[in-house]
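Subject: The two-chain model, with notes

Hi there,

Here is the structure I promised to pass on to you. Please have it open while you read, as my notes follow just below it.

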Amino acid sequence: MKKRKHNVWLLVGAAAMALMLTFAGCGSTGITREQAITIATQAVADDGVMSLDGRDTESVEEATYWHIYFPYSSPLTRGGEPHVWVDKTSGNVTNIYYTE
Amino acid sequence: MKASWKSFIALLCVLIACIAWSPAVLAAPAVAETAAGPVLASQISPLASNKTPEQIANDPAVKAAMDAAWADSNADNATTRHEEGGWIYEDADGNISVQRWPAGNRSSIDPCPPAPPQPGGQVVGEFHTHPNWHPPDGKDEAGKEWKQGPSEADKNAKTPGTTGIVQDRSGNVTLY
């Protein structure tokens, strides 16, 4: 009897862990930071407004988007940078704007 | 006892390393590189100006230089528009003068090293143009969206304590 109860609790524990892993999986991003940077880099290159030479790459994870931007590496350069928003689920670029 | 000696020798080594390192660091001038060459931090340290940022921006010498810089920016030409700018100096008598920077590119500009400071005079500000943002929504002829400045890079690059000025194509002059 005790052994059966023990098995039941083992099953309940396993089911709980499976549920947690399932929900954790739902919350994770489809697009990784590295993928988002690749997508953003290509989007800026396709736009042809600014070169990415001499720039760093910065990324901010928001609720549903990756915000990728490319500030100048030189701290003395006065200048703008491309800002790209990449949807974390689809990988689509939803917005690009430039500062100057 | 042995452990104490080891500790003592280790501390002594650290002390010697610190003593050897500090003069080399303290003696080295802070140097930054620009496209036009090195800029000594001491050259762009701000003079304690009695003028407000608004007074500096409205000084006739600055306004004239900004008008010229705006004209040189070719803001209405989609292929040749570019940024222009310059340093703003104040001498010991409170007189303002301007030294223009080399022309920048479409959305950025690198300052030239400031001229050697005049006796009692120093850099008190800088200005540059933003020819890309189009009113009313910021989009240019190609539909690319621009945000009005100053950008974070503009703010970060400016020497603390000096006045930054940007002029955009809507005629706005923004101080930062």
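This is a predicted model: local features need pLDDT of at least 70, side-chain atom pairs count only at pLDDT 80 or more; totals for chains, interfaces and linings use all residues.

**Where the chains meet**

I began with the interface. Chain B brings 28 residues to the contact and chain A brings 17 residues. Together the two chains bury about 1,900 Å², and carbon and sulfur atoms account for 52% of that area. On the chain B side, three residues stand out: Lys144(B), Glu145(B) and Lys147(B) provide 26% of the area that chain B buries against chain A, more than any other three residues.

How many residue pairs are in polar contact between chain B and chain A, with both at pLDDT 80 or more? The count is 14 residue pairs.

Salt bridges come next. Side chains of opposite charge can pair when their charged atoms come close. Over all chains the structure holds eleven salt bridges, and two salt bridges are counted between chain B and chain A. In one of these, the side chains of Arg78(A) and Glu126(B) meet at 2.5 Å, N to O. This pair crosses from strand 3 of chain A to strand 6 of chain B.

**Strands that pair across the interface**

Strand 3 of chain A (residues 78-79) runs antiparallel to strand 5 of chain B, and two bridges join them. Here Arg78(A) is placed opposite Ile109(B) of strand 5 of chain B.

Which strand of chain B pairs with strand 5 of chain A in the parallel sense? The partner is strand 7 of chain B, over two bridges. In this pairing Tyr98(A) faces Trp146(B), which belongs to strand 7 of chain B.

**Inside chain A**

The pairings within chain A can be followed from strand to strand. Strand 1 (residues 58-61) and strand 2 (residues 65-69) of chain A are antiparallel and share four bridges, with Glu58(A) having Tyr69(A) as its bridge partner. Three residues form the link in the hairpin between strand 1 and strand 2 of chain A.

Strand 2 of chain A also runs antiparallel to strand 4 of chain A, joined by five bridges, and there Trp66(A) sits opposite Val86(A). Strand 4 (residues 82-87) of chain A in turn pairs with strand 5 (residues 93-99) of chain A, antiparallel over five bridges. Val84(A) and Ile96(A) stand opposite each other in that pair. The hairpin of strand 4 and strand 5 of chain A has five residues between the strands, and Gly91(A) in this hairpin takes a positive phi near 80°.

**The sheet of chain B**

Chain B has an open sheet of five strands in the order 4-3-6-8-9, with mixed pairing. Strand 4 (96-100) and strand 9 (173-175) of chain B are at the edges with a single partner strand each, so one side of each has no neighbour in the sheet. On average, neighbouring strands of this sheet are turned by 25° against each other, direction ignored.

At one end of that order, strand 3 (residues 85-90) of chain B pairs with strand 4 of chain B in the antiparallel sense over five bridges, and Ile88(B) has Val98(B) as its bridge partner. Helix 3 (residues 60-72) of chain B packs on the sheet and touches strand 3, strand 4, strand 6, strand 8 (163-168) and strand 9 of chain B. The direction of helix 3 makes about 20° with that of strand 4 of chain B.

**Backbone details in the loops of chain B**

- The peptide bond from Pro135(B) to Pro136(B) is cis, with omega near 5°; Pro136(B) is in the loop between strand 6 and strand 7 of chain B.
- The bond from Gly149(B) to Pro150(B) is cis, also with omega near 5°, and Pro150(B) belongs to the loop between strand 7 and helix 4 of chain B.
- Asn74(B), a residue other than glycine, has a positive phi near 50°; its place is in the loop between helix 3 and strand 3 of chain B.

Methods
Residues are numbered from 1 along each chain as its sequence is written. Chains are lettered from A and ligands numbered from 1 in the order in which they are written. Side-chain values use heavy atoms; hydrogens and water are left out. Contact means heavy atoms within 4.5 Å. Buried area is the accessible area (1.4 Å probe) that two parts lose on being put together, summed over both. A salt bridge is a side-chain nitrogen of Lys or Arg within 4 Å of a carboxyl oxygen of Asp or Glu. A polar contact is a pair of N or O atoms within 3.5 Å; within protein, one must be able to donate a hydrogen and the other to accept it, and residues adjacent in sequence count only if both atoms are side-chain atoms. Two strands pair if DSSP finds at least two bridges between them. Axes are lines fitted to C-alpha atoms, for helices over the stretch in contact, and angles run from 0 to 180 degrees between N-to-C directions.
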